[in-house]
Amino acid sequence: MIEETVATLAVPSQEDRKGFARTERSIAAHDAVVAGLEAMNTIELGGSASGALAFPFTVAAWNLERCLFPEESADHLRATGAQLVLLSEMDNGMARTGQRHTTAEVAAALAMQYAYGVEFIELGLGSDTEREFCRDDFNDKGFHGNALMASTPFRRPFLLRLWGERLWFMDGGDQPRLGERCAVGAVIDTQAGPFVAISAHLESATTAAYRERQVRELIDVLDVAFSGLPILIGGDLNTGNHVGGDFEAEGLFSASAARGFTRHGGPIDRMTTRPSLITRWPKRAMKLDWFLTRGLKIGESRIISSLDASGRPLSDHDLITCIVEGFE
């Protein structure tokens, strides 16, 4: 568990990043590089907030697919009334998103504190469709990661790298990356006491058994580090990938239920993906996004379209929300 926070993540030089791309394709070589990178072993903490949350409050989780449009995305989140926001696929210093720190911009617009952790250092400019958005032929930082935002200060912010086989480093195709899927979390104070919130992003390019192991080991760590505290995990769990889209085939649901968690993801028959400016697959319809909660009383959960007022998709995922009514 990584708990060291910094105001600004250290950026590896362009020369160093070129060297990462030439590194031997092995888990051992990958991990040796990651261990020596400050950006991969710290959490950026920014923004500001005050006071504790009062029940009931709204939580939103959204895979923002790089976050091409920070201002519009912030407006979309503001409209939900969410006081706690869990985000994934957030760029920081990538050419495809104008070299912007998308998390910091969304948090500033919402007047929230944020914790940002690097999931991957991108070694290229991205897929063919992403290159269409690039004005530069380089990434200023190359960071891509997860974020947690709230209208209350965090306690004990942390980053966890989820179990994995370094798939995007070993064979990332047109998206070579250094890093592994991750979860970013913190203790959140309410007027009735604390709980733990985690923004998680599970692996897409693999099997259900792989994701189940990621969830099992995440819960193992949380139960040791935050024994007895209620827990809310939310985000893109990639359920149904490589199992024909059948999210019910995911063992992570039964594995988490056995540990006391319940799932929430809006209407069970409504999918959470859509074609976007990057992901142009009109027939793709999957239910990837969920909350897993323990020790919290959850009211309504909803799926909210990611189309903005003009009908433009802000992401290839719709966002999900839930009402936290209190402790169980």
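1. In this predicted model, His 264 is buried, its relative accessible area being 15%, which falls below the cut-off of 20% that is applied to buried residues. The residue belongs to strand S12, which covers residues 262-264.

2. Two polar contacts involve the side chain of His 264: one is made with the side chain of Thr 262 at 2.9 Å, and another, at 3.1 Å, with the side chain of Thr 293. When neighbours within four places in sequence are set aside, His 264 is in contact with Trp 290, Phe 291, Thr 293, Ile 298 and Ser 301.

3. Asn 63, in strand S3 (residues 57-66), is likewise to be read as buried, with a relative accessibility of 0%. Its side chain lies 2.9 Å from the backbone nitrogen of Glu 65, and the side chains of Asn 63 and Glu 89 form a polar contact of 3.2 Å.

4. Beyond the neighbours within four places in sequence, the residues in contact with Asn 63 are Ser 88, Glu 89, His 201, Asp 236, Asp 289, Ser 315 and His 317.

5. Turning to helix H2 (residues 27-35), Ala 29, His 30 and Val 34 are buried. Viewed down the axis of H2, the buried residues fall within an arc of 135°, and therefore line one face of the helix. An α-helix has 3.6 residues a turn, so residues three or four places apart point the same way.

6. The buried residues of H2 pack against helix H6 (167-170) and strand S8 (177-179), whereas Ala 28, Ala 32 and Ala 35, on the other side of H2, are exposed.

Methods:
Residues numbered from 1 in each chain as written. Predicted model: local features only at pLDDT ≥ 70, side-chain atom pairs only at ≥ 80, totals over all residues. Heavy atoms only, no water. Helix = DSSP H or I, 4+ residues; strand = E, 2+ residues; numbered from the N terminus. Buried < 20%, exposed > 50% of the residue type's maximum accessible area, 1.4 Å probe, protein only. Polar contact = N/O pair within 3.5 Å; in protein donor to acceptor, adjacent residues only side chain to side chain. Contact = heavy atoms within 4.5 Å. Arc of directions from axis to C-beta.
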